[in-house]
Amino acid sequence: MLDENNGQLGIMNLNDAKAYAYDKGLDLVMIAPTATPPVCRAMDYGKYRYEQDKREKEARKKQQVIEIKEVQLSCRIDTHDFETKASHAIKFLQDGNKVRVKLKFKGREIQHQELGKEMLDKFAEACSEVGAVDKKPVLEGRQLTMFLAPVSEKNQAK
């Protein structure tokens, strides 16, 4: 058994451990039930839970949420539209979000998938300053999908 300051009290029977915790105004908490003999600790369980919740909340606060933004292209996109979509993707990447680039094939365009792959390669090249290809282009049904991930400042310096 452990006391409230993690000091070892030695092996006790259950009634003595309960009496010790009750006299100190603490709770008896089983820490390692599978150990032989089981390890218990006298502590204020309410205070322990409060501190644990506080640590978890602090960890969630420091956690960065990465969103996935989407940009849709087509094989016959005009240069100005392409540049506009690329600038949107660059803005998303600078904000620290991942970008899903979808290229939809309409009608008989599906027969010329190499044009779609070239378009996605060109798009990745346009965004290469702030983003790198996270997942290569994959054909899913009638659309090619590619993921771009932001490049950190550390990787850019190398």
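1. Y45 and Y48 both belong to helix 2 (residues 45–62), where three residues, about one turn of the helix, separate them. An α-helix has 3.6 residues a turn, so residues three or four places apart point the same way. The model is a predicted one, and the remarks below should be read with that in mind.

2. The count of aromatic pairs comes to two. One of them is formed by Y45 and Y48, with 6.0 Å centre to centre and 35° between the planes, and it is classed as tilted. The class follows because planes under 30 degrees apart would count as stacked and those over 60 as edge-to-face. Y45 has 38% relative accessibility, so it counts as partly exposed. Y48 is also partly exposed, at 34% relative accessibility.

3. F82 and F123 form an aromatic pair with edge-to-face geometry: the centres are 5.6 Å apart and the angle between the planes is 85°. This pair links distant parts of the chain, with F82 in helix 3 (residues 79–94) and F123 in helix 4 (residues 113–126), 41 residues apart. F82 is buried, with a relative accessible area of 7%. F123 is buried too, at 0% relative accessibility.

4. The ring of F82 has a further neighbour to record. The charged end of K122 sits over this ring, 4.9 Å from its centre.

5. What does the largest nonpolar core consist of? It has 22 residues, and those with the most contacts inside it are L73, V99, V101, L103, F123 and L148. At least two residues of this core come from each of strand 3 (68–74), helix 3, strand 4 (98–104), helix 4 and strand 6 (143–150). Helix 3 supplies the largest share, five residues. In soluble globular proteins, nonpolar side chains tend to be buried together.

6. Leaving aside residues up to four places away in sequence, V101 touches V71, L73, L120, F123, L144, T145, M146 and L148. A second, separate core has six residues, including M1, Y20, L26 and A42.

7. K102 lies in strand 4. Is K102 buried or exposed? It counts as buried, because its relative accessibility is 17% and the cut-off for burial is under 20%. With residues up to four places away in sequence not counted, K102 touches E70, V71, Q72, L73, Q143, L144 and T145. V71, L73, L144 and T145 are also among the residues that V101 touches.

8. The length of helix 4 can be checked against expectation. At 1.5 Å a residue, its 14 residues should span 20 Å, and the end C-alpha atoms are 20 Å apart, which agrees. The buried residues in helix 4 are G116, M119, L120, F123 and A124. They cover an arc of only 140° around the axis, which puts them on the same side of helix 4. The cover over these buried residues includes strand 3, helix 3, strand 4, strand 5 (131–140) and strand 6.

9. E129 is found in the loop between helix 4 and strand 5. It is exposed, with a relative accessible area of 67%. The C-alpha atoms of E129 and I90 are separated by 8.5 Å, although the two residues are 39 residues apart along the chain.

10. In helix 1 (residues 14–24), A17, Y20 and A21 are buried. Viewed down the axis of helix 1, the buried residues fall within an arc of 95°, so they line one face of the helix. N15, Y22 and D23 are exposed on the other side of helix 1. The buried residues of helix 1 pack against strand 1 and strand 2. Y20 is also one of the residues of the second core.

11. Two backbone details deserve a look in the model. Just after helix 1, G25 takes a positive phi of about 75°. The peptide bond from T36 to P37 is cis, with omega near -10°. P37 has its place in the loop between strand 1 (27–32) and strand 2 (39–43).

How values were computed. Residues are numbered from 1 along each chain as its sequence is written. This is a predicted model: local features need pLDDT of at least 70, side-chain atom pairs count only at pLDDT 80 or more; totals for chains, interfaces and linings use all residues. Side-chain values use heavy atoms; hydrogens and water are left out. Rings of Phe, Tyr and Trp (its six-membered ring) pair if their centres lie within 6.5 Å; planes under 30 degrees apart count as stacked, over 60 as edge-to-face and the rest as tilted. Helices (H or I, at least four residues) and strands (E, at least two) are DSSP runs, numbered from the N terminus. Buried means under 20% relative accessible area, exposed over 50%, partly exposed in between (1.4 Å probe, protein chains only). A charge sits over a ring if NZ of Lys or CZ of Arg is within 6 Å of the ring centre and within 35 degrees of the ring normal. A nonpolar core is a set of buried Ala, Val, Leu, Ile, Met, Phe, Trp, Tyr and Cys residues joined through side-chain atoms within 4.5 Å. Contact means heavy atoms within 4.5 Å. The expected span of a helix is 1.5 Å times one less than its number of residues. The arc is that of the directions from the helix axis to the C-beta atoms.
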